[in-house]
Amino acid sequence: MVMFGCQINSFGNVEATIEACLRAEKSGFNLVTLPDHLFHPLDKLFLPEPAWDAYVILSYVAARTKELKLGPGVSDVIRRHPATLLNEVVTLDHASQGRAFLALGAGEIFNFYPLKEIKFKRPVKRLEEAIMVIRSLLASTQEHPAYFEGEFYKLSSGYLGLKPYKGRKLPIYVGGYGPRMLRLVATLSDGWIPWMNAPEQFEDDLREVKKMASEAGRDPDEIEALPIVFSDIDIDGEAAKARLLSRTKVCLALRKRLLERLGLKNIAEVDLWNTPLVSEDISRVYKIAGLIPDEVALRVMAAGHRDEVIGVIERFVKAGATAFIMEPPIERIFETIEAYGRWVIPYFRDTSRA
């Protein structure tokens, strides 16, 4: 049975973010992810409000919920040492009595661009080493501490005494794209959590992940797949689509590889991971966004009347999604959570459809 998640990005409003998490549990969602940003441009179409700390909010939500799984969507290993990040998530796992997960990405330069002492170098290699450090620390004991010698991290006699709640396995997901990132998913993670994709591209990449996992001697069916997809539901389906189009196009303009795969190679110029998003970058992104046809943007969202949204989710499930994480419009977070709880989640919980 597919799980449902909600990526809540009500930046700037801590109280509203907490309330949205609580409503998500009441509406039947299985998990919540919060974006983990430090710096980001305050822009009306991209991110209009300042970032809060994801882990502080998740810890508070842990105390107010009973079943909701909680994690970032996603964290980088550049602003925090992987040992520090692991300690935060394991602490969250205890606060939630075993409901935390860790989701990691290679990072985006806009998150720490003002911090000039941080060097953004070989982020995929850094992420690979970080996951290895985290796994070695999870396995460490006082008698057998962790050691690691890498290009970015060096660990000697490492032992974090706080382990996941009641000895459970802490899920570690990886978000990202491209051959090297997909190989990390296949070889070192428990699942793939990509942000914004069309069902057909998601299916192709997941097939590649499972192929590489099998080649590495892993059971490919053990790898979870949790796509994060922009979504809005309305009785007026066209209104729901219209609300998401502008922001979706802006975000698509930041995804060079995805634009190429969607047939827009001629305007695929910008990659989110290495773009500082200073004013000239934003102007360039808006220019590209203005060239993206509506029909292309619609391919990477689940928006419209409830039956249309259900149809898109069914395509992702058929493609291999074990969870579907919807990201609602910033201005309609509560309404979209309620709509999923009323129409979408019950549809997929109906065992007669299995």
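These legends describe close-up views of a predicted model.

**View 1. Helices α3 and α4 cross at roughly 55°.** Helix α3 covers residues 82-95, and helix α4 covers residues 123-139. Their axes come within 9 Å. The crossing is right-handed.

**View 2. Side by side, the residues that join α3 to α4.** From α3, the contact takes in Pro-82, Ala-83 and Leu-86. From α4, Ala-130, Val-133, Ile-134, Leu-137 and Leu-138 take part. By class, the contact of α3 with α4 has eight nonpolar residues, no polar and no charged.

**View 3. The largest cavity holds about 40 Å³ of space.** The structure has two cavities of 30 Å³ or more. Lining the largest cavity are Asp-43, Phe-46, Val-250, Leu-254, Leu-277, Ile-282, Val-285 and Tyr-286. Helix α9 (residues 279-289) gives the largest share of this lining, three residues. Seven residues of the lining are nonpolar, none is polar and one is charged.

**View 4. The second largest cavity has a volume of about 30 Å³.** Its lining is made up of Asn-9, Ser-10, Phe-11, Leu-47, Pro-48, Glu-49 and Ile-330. Four residues of this lining are nonpolar, two are polar and one is charged.

Note on methods
Residues numbered from 1 in each chain as written. Predicted model: local features only at pLDDT ≥ 70, side-chain atom pairs only at ≥ 80, totals over all residues. Heavy atoms only, no water. Axes fitted to C-alpha atoms, helices over the stretch in contact; angles between N-to-C directions. Helix = DSSP H or I, 4+ residues; strand = E, 2+ residues; numbered from the N terminus. Left-handed = near helix turned anticlockwise from the far one by under 90°. Contact = heavy atoms within 4.5 Å. Nonpolar A, V, L, I, M, F, W, Y, C, P; charged D, E, K, R; others polar. 1 Å grid on protein atoms, 1.4 Å probe; cavity = no way out; pocket = protein on both sides within 12 Å on 5 of 7 lines; lining within 4 Å. Points joined across faces, edges and corners; volume = space filled by probe spheres on them.
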